[in-house]
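Me: I would like to learn how to read local features from a structure file. Could we take them one at a time, with the general idea before the case?

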Amino acid sequence: MSLVPPPFDPELAAVLESFRGVIPPGFTPADVEAARRGAAACELVDVTLEGAFEAEDRTVPGPEGAPGVSLLLCRPTAAPAPAGLPVIYHVHGGGLVAGTNRAGVTEPLAWARDLGAVVVSVEYRLAPEHPHPAPVEDVYAGLLWTAEHAREIGGDPDRIVVAGASAGGGLTAALALLARDRRGPRPLGQLLMGPMLDDRNDTVSSRQMAGRGLWDRTANETAWTALLGDRRGGPRVSPYAAPARAADLSGLPPAFLDVGSAETFRDEVVGYASRIWQAGGVAELHVWPGGCHGFDALAPDAALSRTARATRVGWLRRLLAG
């Protein structure tokens, strides 16, 4: 039986059509260098949001025997709260093979401007040169430093929210698992936007969306193979690489998960939220009708994008209010 894909939201469909032939969905290993060059454009982002933040780059200790980890620290220029501000610890996307700590940081900065928070964005070693566990260990090392030095940067160590989109969302989910299992810093919450969770790449949605949107099954195979090599899809993949492999999702921080109905990751994200509930945990799940992967970055002015961003801020506001 053929798999009929769900339709794209009309506004998103029009934008995707305009990109046809410019950004094909079938990302392959030959495209990695071009993706890295494109990600370099993120270095031009104004991470002060026109003076709302004071930005600093800092290198902190990395995992044992590994290089230091680069953090982008963005503190509000307004006077900090006496007890310290919430901290948004951001993990960038880029398919595990591209990106810097400036990639995708503008949305967390917008949250922080609205809510009064510090942003710490972590840069991690990239696959395939640095396969698992290098990326997640870098992300964990950055969280350790952030928790230990939160007050120094104007933050509250008890109110750290970890957040990421796409590959960064998968690493954020893995970070929550790793922090739980190592009894490390416990984030107040985890915000997972279209997270990349499952190396097996064989859900109904991954097959429905083959050759469609901006990130299809071929692209997903490219990224997971870069991280895991010939272990991808096999029986012994760590949950700290692919969080969907975790046998136990109990004891995790409250989670916000969102995903498009018309994207590769739909079923794995829905399944992950369901398993958090089954383990007695707290999760809020949104499946955006007609959303493709990364739709809010692709078409920021679309009605669906505005709704998704407002919903994320609303969840953060409720979380921080206790």
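Me: Is Ser166 buried or exposed?

Reply: The criterion is relative accessible area, and buried means under 20%. This is a predicted model, and in it Ser166 has a relative accessible area of 13%, so Ser166 is buried. Ser166 sits in the loop between strand S5 (155-165) and H5. The phi of Ser166 is near 60 degrees, a positive value in a residue other than glycine.

Me: Where does Gly116 with its positive phi come in the chain?

Reply: Gly116 follows H3, and the phi of Gly116 is near 75 degrees. Helix H3 itself covers residues 106-115.

Me: Which residues of H3 are buried?

Reply: Start from helix geometry: an α-helix has 3.6 residues a turn, so residues three or four places apart point the same way. In H3 the buried residues are Glu107, Pro108, Leu109, Trp111 and Ala112.

Me: How do I read the packing of H4 and H5?

Reply: Look at the separation of the axes, then the angle, then the hand. Helix H4 (residues 134-148) and helix H5 (residues 167-181) have axes that come within 10 Å and cross at roughly 65 degrees. The crossing is right-handed. H4 contributes Pro135, Val136, Val139, Tyr140 and Leu143 to the contact, and H5 contributes Leu171, Ala174, Leu175, Leu178 and Ala179.

Me: How many of the residues in the contact of H4 with H5 are nonpolar, polar and charged?

Reply: The contact has 10 nonpolar residues, no polar ones and no charged ones.

Me: What should I expect of nonpolar side chains in general?

Reply: In soluble globular proteins, nonpolar side chains tend to be buried together. Here the largest nonpolar core has 65 residues, and those touching the most other members are Leu71, Tyr89, Val120, Leu257 and Tyr272. H5 gives the most to this core, with nine residues. Apart from this core lies another, of 22 residues, including Val47, Leu49, Ala117 and Met193.

Me: Which residues does Leu257 touch?

Reply: Residues up to four places away in sequence are not counted. On that basis Leu257 touches Leu192, Val269, Tyr272, Ala273, Ala283, Glu284, Leu285 and His286.

Me: What surrounds His132, and is it buried or exposed?

Reply: His132 lies in the loop between strand S4 (118-122) and H4. At 14% relative accessibility, His132 counts as buried. Beyond neighbours within four places in sequence, His132 is in contact with Leu227, Leu228, Arg231, Ser238, Tyr240 and Ala241.

Me: How do I compare distance in sequence with distance in space for Arg245 and Asp199?

Reply: Count the residues between the two, then take the C-alpha separation. Arg245 and Asp199 are 46 residues apart in sequence and 8.6 Å apart in space. Arg245 is in the loop between helix H7 (217-228) and strand S7 (255-260), and Arg245 is buried, with a relative accessible area of 18%. With residues up to four places away left out, Arg245 touches Asp198, Asp199, Arg200, Gly233, Gly234, Pro235, Val237 and Pro239.

Me: What separates the C-alpha atoms of Ala39 and Arg20?

Reply: These two are 19 residues apart along the chain, and their C-alpha atoms are separated by 20 Å. Ala39 belongs to helix H2 (residues 32-39) and is buried, with a relative accessible area of 12%.

Me: How many disulfides does a search of the whole structure find?

Reply: The test is a pair of cysteine sulfur atoms within 2.5 Å. The search finds zero disulfides. Cys74 is buried, at 0% relative accessibility, and Cys292 is buried with a relative accessible area of 0%.

Terms used:
Residues numbered from 1 in each chain as written. Predicted model: local features only at pLDDT ≥ 70, side-chain atom pairs only at ≥ 80, totals over all residues. Heavy atoms only, no water. Buried < 20%, exposed > 50% of the residue type's maximum accessible area, 1.4 Å probe, protein only. Axes fitted to C-alpha atoms, helices over the stretch in contact; angles between N-to-C directions. Helix = DSSP H or I, 4+ residues; strand = E, 2+ residues; numbered from the N terminus. Left-handed = near helix turned anticlockwise from the far one by under 90°. Contact = heavy atoms within 4.5 Å. Nonpolar A, V, L, I, M, F, W, Y, C, P; charged D, E, K, R; others polar. Core = buried A, V, L, I, M, F, W, Y, C linked by side-chain atoms within 4.5 Å.
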